[in-house]
Amino acid sequence: MSTIVERVKTLFGPEMAGPGLAFLAVVLTFGIASPQFLSVATFGSVAFQLPELGLLTLAMLLPILTGGLNLAITFTANIAGLTLAWVLQANGGVDAGPGAFVLGSVLALLVGAASGVIMGLVIAFTRAHPILVSLSMMIFLRGLGEFLTRGGDVSGFPAFLGPLGHGSLLGVPIPLIVFIACVFAWNLLLSRSKLGFNTYMIGSNLDATRYSGINTRKVIVLVYARSGAMCAIAGIIMLARFNSVRIGHGESYLLITVLACFLGGVNPFGGFGRVIPVFVALVVLQLLSSGLNLVGANQHLATAVWGLLLAGVMVLRFVATKFKISFVRKET
Amino acid sequence: MRSFARTHATEVSLLAVIIAISAVLSVSTANFFSLGNAFDLLNISSVNIIFAVGLLVVLIAGGIDISFAVAASVVQYGTAIALGWIGGGGWISGLLIAGSIGILLGAINAFLIHRFKVISIVATISTFNIYFGLLMFFTKGVSIYDLPDWLTDRVILFEHEMPDGTWIEITLPVLVMVICVIATWVLITRTTTGRQLYAFGDNPEGARRFGINIGAMQFIAFGWLGLMAGIGGLIQAHYAQEVVPNALYGRELDVLAAVVLGGARLGGGRGSVLGCVLGVLLISITQNGLNLMGVSPFAFKMIIGAIILAAITLSNTNIERLLPFIAQKGAGR
Amino acid sequence: MFMHQLATAGGSEKPLLSLRDINMTFGGVRALKNVSFDVRPGEVHCLAGENGCGKSTLIKIITGVYRPADGASIEYDGETYSHMSPVTAQDRGIQVIWQDLALFPEMSVAENIAFQTVLGRWPKLVDYGRMRQIAKDALARLGVTLDVDLPLKEYAIAQRQIVAIARALVGEARLVFMDEPTASLTQSETDHLLDIVRGLSASGVAVVFVSHRLAEVLEISSRITVLRDGALVGVYPASGMTQSRITELMTGKTFDQRVRAKSRDDQPIVLEVKGLSRPGQFEDVSLTVRRGETLGITGLLGAGRTELALTLFGMLKPTSGTIALEGRQVRFSSNRDAIRAGVAYLSEDRLSLGLIQPQSIADNLVISSLDKILAGGLLSDERKGGLVGRWIADLGVKIGLQQDAISTLSGGNQQRVAIAKWLATDPKLLILDAPTVGVDVGARAGIFDIVARLAESGLAIILISDEVPEVYFNADRVLHMAQGRIVGSYDPRASSLAEIEGAVYA
């Protein structure tokens, strides 16, 4: 028994406690409150809503682990989506072929990564606070996007893109498959790659990491580049889902992604946090909004409950550490 | 004067940039360099400056607040409803109600931060969602247009026609803004409480060892921002002559950018009222100038974003070169 | 027994401060056990003990930051308290100069010195004129002039130390605590500080002095209170005390030191530096280190030792001169090049540059040799565990789990992990910059045993320390660095410790 506990601990880490308990609480509460909650329909709606917020949260996660933040994620996703939209339109709009889609997607990824690289360079070389750098990048990208689209929608895409937004493969929504693939990629990156290792180290102490012979500037630039590329994936999925691109799509997700990371046990100062607990936190958030939907509330109430949930988890964490200190601390 | 330039490098360089931009705009546009336009600018910027000086106090005390703009929206609704209950009210009762609700909302943040040791960005992101979600839920997103007349009528305290036919007007928002700015200045530079706030933001552990009441510091800082958010919210409703639940959504980040542009530091201990006001004005002037130059409104934000990015890059490069130990200190975060 | 010692060490004079039955518990751990402590008016009293012996906790209790367990009595100047509060302590003239100074770098010098004028529960208007006057007076008392309107961050550490002292003197201080006040001062700055302490003592202010530099302690204090593991060992008059006796009392162990130096002239040269310069930091430095040789470099703080080490490690670039490793000239563009070439550098600042304190023991150990634990391009937990386990065993580090945060280890064990981290990179040259800073006296010998063993196995080692005895006893040759230049070279077998100390502290 204790070995199982140990294994779960090493697999998920202490970060899992908050989101794990929240998951159980949400499933139990709504399972009792509403008979329809534990149904295929609920999980279907969660499965379709999860990917957009989830992909953006993955984009937010890496910078937070380095002790930073990327406030430009939503508009990076928009600009990347815009890039794909133009390539499609330049190649015949509704009649564009798969080749144009592939080209457009590659360009979108490059554009997303480029936005990250610029932020990464500024942060790494000037040591300006990431909140400020990404905030000004956000204002810039929003302006750029509005300037380019004149505040309107860009639409008219080939029909084969539909399934990427709405289709299912063997009953699993395709956006969800993309998202889960990205979760695995991020998990691998963070737990098994040198870049991931260095990301955590930089988050805890940049100078000590540099003294250990790590090229910290390169790591920061690569982290923000990957964050930007992940935004581009979110932007492509959003394009397929709405069948249009508009600057401001998904804007309200920005602070929710930060909320999801913190709920998933990520340390706000960087250095600690894992992908799987964040994934669970995302599922909890979506289950909450689906459950509230079932009992007749709307998304706005769900937003408020998300906020309460985060505050509640932080308060519980405080209470738990207080108790722990009096029991566990043996030496100082 | 030389020591002023040394200790207020940010303010001096902001002022220089504002003068440079104004000079270029005066030459390239006909209407920029007029008193009428200058007062317009003040009118437009009033609400943001009120928010900014409030946020400044929180930043000086080492915190950050994401929730104040949606809190201001909550205040607008709460005040409108409360005014309905008391049968109309007036400016005094309106400001009292708005200020009290604002302080209450700020105190909730301070309570989470102080009592449960939740980091300010986490606490205020959760209250941001709570305030905004509940506001949208209860109002169902519906705006209020039938506000009391005293609230929607323009109050012009001083007007004067210039020889060139333009009018200079000092309106109520400007007066309120000036009072808020002076009050904040007095608080943070002239009172012992204000100096304790600086000390707490600069070195919390040091402040604690001197017996400074940490809890009081949090409540004063977030309460002051709450007060400013409340007043700013009411003035914004007055200025817009309506209450729209998501009108201020997103304003928090714009104000944050302006305050930091004005020299306040995330992490505490640094920032001045002058720099903060200049930061907001720089952005307004740029926007106003671009407008007069006939630049597409869609391009404003892009240019402003680029300016802030450049300013932050340049100022940080300088600071690191001149004072390497600051960079070391910042690296821990 | 303790009371007996107190009685013999004490005199007839009535103490200014007298503590009895002080107990303090943190999360189940007793940090102080029935400690008694007294200070007489105008004396310089030293509080000695290893890291974690309870010195800082005791200071925090006297100044009201912590509240002792029930039953304590704090008698100060005729009044008895069960606990203090920071405000009462300051009102009654008890001041502290904390090790981290507890200053406010963004605020002006005047405000830092006259900080007590802004304290108080209710808001008052700030009187900047009075503040400036208080600051100027306090600085004048110390014989120092600073621009009191500039932010404190404009000043270097030595001046900040002065500001902290000036602050303590404002408002009729009668008892001043100084926690490691000389840790980051150069010798001349230290001398100035000790003069100030003597002046304070002569004017009737009692000073409680905490320092790990025992020479200073013996020079300045009249009585010494020794703590070990949170308990009182005893109170001793400083006259007739020796450094080694204090060390024995602090650690409860006896040490005998012998010169380890050997000749390595038959060994091939690993590092050869010729005419290396970085103007303003070091000039025209030439030296060689052979296989298996330990080269000691000593000198005062600010002599350019750390800058020289960072240059050899590729983190600073020399303006002129050459570095050759095993006969091949090298030019490093970053410390990554240096590590690849076989140079390792143990930082003097273990807390913020040497180790990543919040992260695990294992991660700290492997961070510089990640390529060794790759399997198929990915990090392998198995290989990591194996590598860490081997080094932990090899260097005798005492740990709980490999996943525990490194900050849970004692200073000595942390330093062993830091050494292991560099050994894992297979270096040819290991630069140890102040390897015993923050390591308990008792654990230092263990570190030097490791250094000796590494040298024996063929590693070239540069040992940097401002404690002359450390390099004297542990290095094969000692270079003396002053103002950026190598000004002396000694063979410990041919020179006496006093001779080198005389040259360094002259």
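In the predicted model, chain C holds an open sheet of six strands with mixed pairing, ordered β16-β19-β20-β13-β21-β22. Strands are DSSP runs of E of at least two residues, helices are runs of H or I of at least four, and both are numbered from the N terminus. Two strands pair if DSSP finds at least two bridges between them. β16 (343-346) and β22 (485-490) of chain C stand at the edges with a single partner strand each, so one side of each lacks a neighbour in the sheet. Neighbouring strands are turned by 20° against each other on average, direction ignored.

Within this sheet, β13 (residues 294-298) and β20 (residues 460-465) of chain C pair in the parallel sense over five bridges. C:I297 has C:I464 in β20(C) as its bridge partner.

Two helices of chain C pack on the sheet. Helix α10 (residues 305-312) of chain C touches β13, β16, β19 (429-433), β20 and β21 (477-482) of chain C, and its direction makes about 155° with that of β19(C). Helix α16 (residues 441-456) of chain C touches β13, β19 and β20 of chain C, at about 150° to the direction of β20(C). Axes are lines fitted to C-alpha atoms, for helices over the stretch in contact; angles run from 0 to 180 degrees between N-to-C directions.

Chain A has 23 residues in contact with 23 residues of chain C (C-beta atoms, placed from the backbone, within 7 Å). On the side of chain A that touches chain C, α9(A) supplies the largest share, five residues.

Residues are numbered from 1 along each chain as its sequence is written, and chains are lettered from A and ligands numbered from 1 in the order written. Local features need pLDDT of at least 70 and side-chain atom pairs count only at pLDDT 80 or more, whereas totals for chains, interfaces and linings use all residues.
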